[in-house]
Amino acid sequence: MRTTTGLRAIGPDTLRRVPLERRDLRPHDVAVRVDYCGVCHTDLQALSQYDPRAGTPLVPGHELTGVVSETGSEVTAFTAGDRVAVGNIVDACGACAMCTAGQENFCHSFPTLTYAGTDRQDGTTTLGGFSREYVVRDAFAHRLPDGLDAAAAAPLLCAGVTVWEPLRALGVGTGTRVAVAGLGGLGHLAVKLAVALGADTTVLSRTPDKREDALRLGAGDLVVSTDEARMAAVRDSFDVVIDTVSAPHDPAPYLKLVAMDGTLSHLGHLGPVTVEVMDLLVGRKKLSSAGSGGRAGTAEMLDFCAAHGIVADVEVLPSAQVDTALARLRRNDVRYRFVLDMADLDRAPDGELDRR
Ligand SMILES: [Zn+2]
Ligand SMILES: [Zn+2]
């Protein structure tokens, strides 16, 4: 086993800096020195639900970037020193219809998650990127293109690809009318990507205070979703609505904005919703969802971002301030993604985190 340092849950919403074990490299593994890891809503959720009595370890983090430090004997795609990125899946069966189609994120036997997943070979629980080192199968390490800032690129690996895949699958391009509901971690990347794809992009937000940001990100307009007159005025006017709102909510107001034969992609909140079929019938509208990405889609997204200079808007904090990042994310007080800088994990583990 290899030893590194990481942030492990010791109770609900409580992380501690501790030594962690990583597996010895298999022939197709690479060891990654983790430099940065984004903080995602999934991390908040996993931490709030963590029960130490269950006996499974929890180390969150699935948007990581870093540098290859060592390669297994059969690895040819990477050498030590290469910049890489790892997202929220680290393995899949490789044989089912979804894997064959390049959508390992939809693997029929469920992809191995970057943390709180079960390793397909040894059955151990995977430990995430809130750590100074990650060991990953080479096929699930993505080359980080030159020119992308390693800290600001980290959120592309979960938030970015989650909005990229539906934008691509729905054929968003020049002149497509796209609305993005919710301007947070997912939403701000959806706006940047849609704009770069050539879409005519509008932000839907509950309040007008993000108007300036929306326009700076490239949106043509911000519609306040609580303003009934404005919402009525944009009825049936978007080919694609990307709904990134993470709290449970009624999709009906957004469905009304979808143009004939258009699609609402409901991807911020992953739980039951109630849909009035008449809201789909009138206008032949479609309701869809998406999450994470396949290996090919992730690589394509990273290349697109490099070509268009797209990274997340981030606030970088030393990993010792993870509690601050989590508390502020919980109240949506971030524009637009926290990224933890893992360099401070090189200090000896002391079990204490700064609390402020
Ligand atoms: Zn995530
Ligand atoms: Zn599969």
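Two residues are in contact if their C-beta atoms, placed from the backbone, lie within 7 Å. You're working with a predicted model, where local features need pLDDT of at least 70, side-chain atom pairs count only at pLDDT 80 or more, and totals for chains, interfaces and linings use all residues. Residues are numbered from 1 along each chain as its sequence is written, while chains are lettered from A and ligands numbered from 1 in the order in which they are written.

**Exercise 1.** Work out what share of the chain's contacts with a separation of 6 or more comes from residues 24 or more positions apart.

**Exercise 2.** Find which residues Val241 is in contact with, leaving aside neighbours within four places in sequence.

**Exercise 3.** Describe how domain 1 and domain 2 meet.

*Solution.* Start with the bounds, which come from an automatic or database domain assignment: domain 1 is 2-158 + 311-346 and domain 2 is 159-288. Next, their C-alpha centres lie 28 Å apart. Finally, the contact takes 13 residues from domain 1 and ten residues from domain 2.

**Exercise 4.** Check why the chain's radius of gyration agrees with that of a compact globule.

*Solution.* The radius is taken over C-alpha atoms, and the globule rule is 2.2 Å times the number of residues to the power 0.38. For 356 residues the rule gives a value near 21 Å; the chain has 20 Å, so the two agree. As for its extent, the C-alpha trace spans about 60 × 45 × 40 Å along its principal axes.
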